[in-house]
Amino acid sequence: MNMILRLLAALGRSALGALAGAGRVAIFTGQTVSHLVRPPFYGREFAHALMQIGWLSLPVVGLTALFTGGALALQIYAGGARFNAETIVPSIVAIGLTRELGPVLGGLMVAARVASSIAAEIGTMKVTEQIDALTTLSTNPMKYLTLPRVLAATLAVPLLVGVGDVIGIMGGFLVAIGRLDFNAATYLHNTLNFLEVWDVLSGMIKGAAFGFIVALMGCYYGINSGRGAQGVGRATKSAVVASSVLILASNYVLTEVFFSA
């Protein structure tokens, strides 16, 4: 009986801790969003974050999309060949990339690169008391550090997803005409014929949500990191893990919403 009670107590503590953590993240999110409508706005920090999150993430997102598109074309061709349906390769590659794989893989790549970078940067600023210095200078740390990064990621990641979609479709195209003996004109015609505007738009909406999540988690764990190198390391790891899990969870929710619409 005592063992069962201890087990239930441990489960209860874990549940309460998870609920408390969710509440802290919700409050942090509300505070971040509330600063959108309150001056001042630090344009230089926003531009710097836009460059770091958007432009410098393009190579890893582009390479991921390129190889994913090529592998997807091979896999769909192998599956379609069992039903004499090889012609579906162009349309399925395009739809799969724009609606699902493009935003999800792009979001995960950005999470690995950006969430860790933001958490490490802000966590180091906390350890070296730079955040305390901002407060002393009457500068709100959330407005100066969090809002520009969250806004930049929310705007940049959809653009990365759009570019990744193009590169991924091009990867599938190159594999199809070079490895699977597809006619180039027919492949492009089938791609454009079956791809709809909503396919691209829904993926970019997902990208905006994923960008918001990535930057928010990086800032949250950075600001709340522990002291010392170990604290910064734990914050970096937690930011990447939380971003990745939330991206996958929110992807399902958004897919369900788009499916029902």
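Start by selecting Asp-181: at 70% relative accessibility this residue counts as exposed (buried is under 20% relative accessible area, exposed over 50%, partly exposed in between, with a 1.4 Å probe and protein chains only). Asp-181 sits in the loop between α6 and α7, where helices (H or I, at least four residues) and strands (E, at least two) are DSSP runs numbered from the N terminus. Its phi is near 60°, a positive value in a residue other than glycine. Most residues other than glycine have a negative phi, and most peptide bonds are trans.

A word on ground rules: this is a predicted model, in which local features need pLDDT of at least 70 and side-chain atom pairs count only at pLDDT 80 or more, while totals for chains, interfaces and linings use all residues. Residues are numbered from 1 along each chain as its sequence is written, and side-chain values use heavy atoms, with hydrogens and water left out.

Select Glu-129 next, in the loop between α4 and α5 (130-136). Here too phi is positive in a residue other than glycine, near 65°. Then jump to Pro-39 and Pro-40, which are joined by a cis peptide bond with omega of about 0°. Pro-40 belongs to the loop between α1 and α2.

**Along α6**

Now select residues 141-179, helix α6. At 1.5 Å a residue, its 39 residues should span 57 Å, and the end C-alpha atoms are 53 Å apart, which agrees (the expected span is 1.5 Å times one less than the number of residues). Go to the start of α6 and pick Asn-140: one of its side-chain oxygens reaches to within 2.9 Å of the backbone nitrogen of Met-142. That is a polar contact, meaning a pair of N or O atoms within 3.5 Å; within protein, one must be able to donate a hydrogen and the other to accept it, and residues adjacent in sequence count only if both atoms are side-chain atoms. Move on to Leu-147, where α6 bends by about 30°, with a proline, Pro-148, following within four residues. The bend is the angle between axes fitted to the seven residues ending there and the seven starting there.

**Salt bridges**

What does Arg-149 pair with? Show its side chain and you'll find a salt bridge to Glu-45, the closest N and O atoms being 3.8 Å apart (the rule is a side-chain nitrogen of Lys or Arg within 4 Å of a carboxyl oxygen of Asp or Glu). This pair links distant parts of the chain, with Arg-149 in helix α6 and Glu-45 in helix α2, 104 residues apart. Both Arg-149 and Glu-45 are buried.

For another, select Arg-99 and Asp-199, whose side chains meet at 2.8 Å, N to O. Arg-99 is in helix α4 (residues 89-127) and Asp-199 in helix α8, 100 residues apart. Arg-99 is partly exposed at 27% relative accessibility, whereas Asp-199 is buried at 5%. Lys-206 in helix α8 and Glu-100 in helix α4 tie together parts that are 106 residues apart in sequence; this salt bridge is 3.1 Å, N to O. Lys-206 is buried at 3% relative accessibility, and Glu-100 is partly exposed at 30%.

**Aromatic pairs**

How many aromatic pairs are there? A search of the whole structure finds 8, counting rings of Phe, Tyr and Trp (its six-membered ring) with centres within 6.5 Å; planes under 30 degrees apart are stacked, over 60 edge-to-face and the rest tilted. Select Phe-28 and Tyr-220: the centres are 5.4 Å apart and the planes at 75°, so this pair is edge-to-face. Phe-28 is in helix α1 (residues 2-34) and Tyr-220 in helix α8 (residues 197-223), so parts 192 residues apart in sequence are tied together. Phe-28 is buried at 6% relative accessible area, and Tyr-220 is buried at 9%.

**Last stop: Thr-191**

From Tyr-187, follow the backbone oxygen to a polar side-chain atom of Thr-191, 2.9 Å away. Thr-191 lies in helix α7 (residues 184-194) and is buried, with a relative accessible area of 5%. Leaving out residues up to four places away in sequence, Thr-191 touches Pro-90, Ala-94 and Ile-169 (contact means heavy atoms within 4.5 Å).
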